[in-house]
Amino acid sequence: MRKDQIYIIGNWKSNKNRQEVEDWFQTYFKSKTKILSQTVTAVVCPVYIHLDMSHTLVKKLNLDLKLGAQDVSPYKEGAYTGEVTASQLKELVEYIIIGHSERRKYFGEDDKLLEEKVKRAKEENLKTVFCVQDENTYVPESVDIIAYEPIWAIGSGTPDTPENANHVIGIIKKKTENMKVIYGGSVTPENILSFISMEHIDGVLPGGASLDPLKFFKMVDQASTL
Ligand code: PGA
């Protein structure tokens with residue numbers, strides 16, 4: 001089935017040093033054998049300190065890639081040591097992942113805080129990718145893309161079944177009036193098509209598989225065939 005847009009959003013988490021980031025973009029550049037289909041939006045999300053260099057490399061190599069951040073401050077500019085604001089990120093990225101289950105688990109992020117992060121991102125017209133763990137997770141207003149990521153499927157090598165992911169995403173879409181909803185949790189080049197060929201699934205959020213530029217390229221390439 002033809003979809004108007006498929007999102008492939010690579011979440012690099014706390015991985016890669018400067019050299020590894022540079023190598024990733026150079027290898028991705030070399031592997032690019034054909035122009036990305038109009039219907040596929042490919043995004044990668046490095047750590048904050050590598051966003052500037054990533055931005056430069058994407059431009060220099062003329063890559064069909066967008067950049068995203070993995071988090072954003074709930075505050076505007078000011079005395080908030082260690083935080084990076086939406087207005088600062090806007091100079092480098094188009095997308096922001098908010099509410100990943102690792103942020104909820106390890107950094108105690110709750111619905112109220114996440115709502116503030118979405119507000120700050122939207123004030124700067126950034127596209128928000130809001131992670132939910134199931135169909136009952138609270139979703140703030142004005143989110144752009146929802147990522148359904150069952151906790152047990154993340155980094156486990158055991159993805160949800162495409163049928164169940166499609167079912168849960170169907171419920172989320174009904175609740176949120178047909179927002180774009182993608183799936184995340186152990187997505188690989190081998191299983192990507194089984195997810196994105198499902199009726200309700202608008203893309204994927206791969207973590208581990210996005211760290212390898214050839215695997216990421218393979219996923220983008222596969223999505224382009226849909
Ligand atoms: P994974 O991570 O693909 O390594 O399971 C997905 C995620 O946490 O976003």
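Visitor: Why is Y148 called buried?

Guide: Happy to start there, keeping in mind that this is a predicted model. Y148 has a relative accessible area of 4%, and buried means under 20%, so the word applies to Y148.

Visitor: What makes Y148 and Y183 an aromatic pair, and why is the pair called tilted?

Guide: Their rings are 6.0 Å apart, centre to centre, and the limit for a pair is 6.5 Å. The planes make an angle of 55°; under 30 degrees would be stacked and over 60 edge-to-face, so this pair counts as tilted. Y148 lies in strand 6 and Y183 in strand 7, so the pair ties together parts that are 35 residues apart in sequence.

Visitor: How do you know whether Y183 is buried or exposed?

Guide: The relative accessible area of Y183 is 0%, and the cut-off for buried is under 20%, so Y183 is buried. Y183 is also among the residues that touch the most other members of the largest nonpolar core, a set of 55 residues. Helix 8 (residues 213-224) gives the largest share of this core, 5 residues.

Visitor: What makes V204 a buried residue, and which residues does V204 contact?

Guide: V204, in strand 8, has a relative accessible area of 0%; with the limit for buried at under 20%, V204 is therefore buried. Leaving aside neighbours within four places in sequence, its contacts include Y7, I8, Y183 and F195.

Visitor: How do you know that the length of helix 5 agrees with its number of residues?

Guide: Helix 5 has 13 residues (111-123), which at 1.5 Å a residue should span 18 Å. Its end C-alpha atoms are 18 Å apart, so the two values agree.

Visitor: Why can one say that the buried residues of helix 5 line one face?

Guide: The buried residues here are L114, K117, V118, R120 and A121. Seen down the helix axis they fall within an arc of 160°, so they line one face of helix 5. They pack against helix 3, strand 4, helix 4 and strand 5.

Visitor: What makes K16 a charge over the ring of W12?

Guide: The charged end of K16 is 5.4 Å from the centre of that ring, and the distance limit is 6 Å, along with an angle within 35 degrees of the ring normal. W12 also belongs to an aromatic cluster with W24, F25, Y28, F216 and F217.

Definitions and conventions. Residues are numbered from 1 along each chain as its sequence is written. This is a predicted model: local features need pLDDT of at least 70, side-chain atom pairs count only at pLDDT 80 or more; totals for chains, interfaces and linings use all residues. Side-chain values use heavy atoms; hydrogens and water are left out. Helices (H or I, at least four residues) and strands (E, at least two) are DSSP runs, numbered from the N terminus. The expected span of a helix is 1.5 Å times one less than its number of residues. Buried means under 20% relative accessible area, exposed over 50%, partly exposed in between (1.4 Å probe, protein chains only). The arc is that of the directions from the helix axis to the C-beta atoms. Contact means heavy atoms within 4.5 Å. A nonpolar core is a set of buried Ala, Val, Leu, Ile, Met, Phe, Trp, Tyr and Cys residues joined through side-chain atoms within 4.5 Å.
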